[in-house]
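Q: Please take a close look at one part of this structure. Then follow the connections from there to other parts, in plain terms.

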Amino acid sequence: MSDGVAVHIGDPQRRVTVAFPGSIAELKAIAQRKFPSYQPKLYQHGIRELHHPSHIKHVEHDDIIVVPPGDFEKLLPLMQTTHQDHFVKHPLPDRQPRKAEPRELDTTPFDGNTSYNMDYVRHPLGDRHQPRQQKRWEPGPRQPIGESIYSTHYPWRDVLPRAPAKMPDTAYTPSPFDATTSYAMDYVPYKMRPKSAGKKKQEPLKPSPFEGVSTYNVDFTGKQGQRPAAGRPVQDLQPYVKFDGTSEYKKEYVEKELARMRIVHLEPEIELRHTGVPYTTKGGGGVGGIPMPRSGGSRDRSSRSTPSRTSSRR
């Protein structure tokens, strides 16, 4: 093995976050399902390959697993859907065209007869007979029938003619026109007295001195009395108690921390780099017992990133 470290650089733009797997086989199956065109190899932080089942104990929460690319043409036959797996396509035998055997058909002459002509036969029309002339009704000789009920109930009576009206003997004498209406007869105007009759002479007002007294001062006069004592409570100060900021809600409902879901991140490889830094030993540091390359400065354990780039995750 060379002294340098092969670092697989993942693509953070295509990162897929999945639940923490229970085994390496499960993690490979998830990686194969998320990235079908990549080979089922896993590199923790792009450095150490995870292939043995015991390597699952080295995987920690929020780790980055890099999946390297594979030969797509070799993986293409292995890629199939559930439908293709269940319904296998079987080759069908080639069909040979059948030869037409000559057959002698009995021919009948074409008579041009349709089913309409057969069902609806045309019959000759019969001779038309001239209609007989009907006799017209002629009234018979008039004979007295008798009296009707109306004539017996309502006999005709002769009415005497009216006598002409007689004019009076006295001559009509018209009354003279006086042009008097009913309004003038009902509303008779009365004579009114002159305006000067209602006026009275007013005496000049005498000035009086200004007193400056209001009705409020007259009604509410001031009273002399004793001033009441002050109603302030007796000051009985208690010792100062520090406010602890604990409410009844916090005492009754104690907040408990929920278990956080453990996750890992899968990233497809975009670049493979070889560094000149050799591997360190197990005692030399690393993440979860995984050997990490040596560097000039100390690395923060919380920064889950490869030696060639800085992780954008906090």
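A: A179 lies in the loop between α5 (149-153) and α6 (182-186). Helices (H or I, at least four residues) and strands (E, at least two) are DSSP runs, numbered from the N terminus. The model is predicted, so local features need pLDDT of at least 70, side-chain atom pairs count only at pLDDT 80 or more, and totals for chains, interfaces and linings use all residues. Residues are numbered from 1 along each chain as its sequence is written, and side-chain values use heavy atoms, with hydrogens and water left out.

A179 is not a glycine, yet its phi is positive, at about 60 degrees. With a relative accessible area of 52%, A179 is exposed (over 50%; buried is under 20%, and partly exposed is in between, with a 1.4 Å probe and protein chains only). D62 also has a positive phi, near 70 degrees, in a residue other than glycine. This residue sits in the loop between β4 (48-49) and β5. D62 counts as buried, at 16% relative accessibility.

Strand β5 spans residues 63-67. G70 is partly exposed, with a relative accessible area of 29%.

I65 makes contacts (heavy atoms within 4.5 Å) with several residues. Leaving aside neighbours within four places in sequence, its partners include L27, L42, Y43, L50 and E267. In the protein, 74% of the contacts with a separation of 6 or more are between residues 24 or more positions apart.

I65 is also one of the 14 residues in the largest nonpolar core, where I65, L27, L42, L50 and L266 touch the most other members. Such a core is a set of buried Ala, Val, Leu, Ile, Met, Phe, Trp, Tyr and Cys residues joined through side-chain atoms within 4.5 Å. At least two residues of this core come from each of α1, β5 and β6 (263-275). Helix α1 gives the most, with 4 residues.

Helix α1 covers residues 24-34, and its buried residues are I24, L27, I30 and A31. Seen down the helix axis, these fall within an arc of 120 degrees, so they line one face of α1 (the arc is that of the directions from the axis to the C-beta atoms). The face turned away from the buried side carries the exposed residues A25 and R33. At the start of α1, a side-chain oxygen of S23 comes to within 3.3 Å of the backbone nitrogen of E26.

E267, one of the contacts of I65, lies in strand β6. Its side chain meets that of R15 in a salt bridge of 2.6 Å, N to O. A salt bridge is a side-chain nitrogen of Lys or Arg within 4 Å of a carboxyl oxygen of Asp or Glu, and by this rule the count comes to 1. Side chains of opposite charge can pair when their charged atoms come close. R15 lies in the loop between β1 (5-10) and β2 (16-19), so the pair ties together parts that are 252 residues apart in sequence. E267 counts as buried, at 0% relative accessibility, and R15 is partly exposed, at 22%.

Finally, the whole chain. The protein has 8 helices and 6 strands. Buried residues make up 17% of its 314 residues.

Conventions
Polar contact = N/O pair within 3.5 Å; in protein donor to acceptor, adjacent residues only side chain to side chain.
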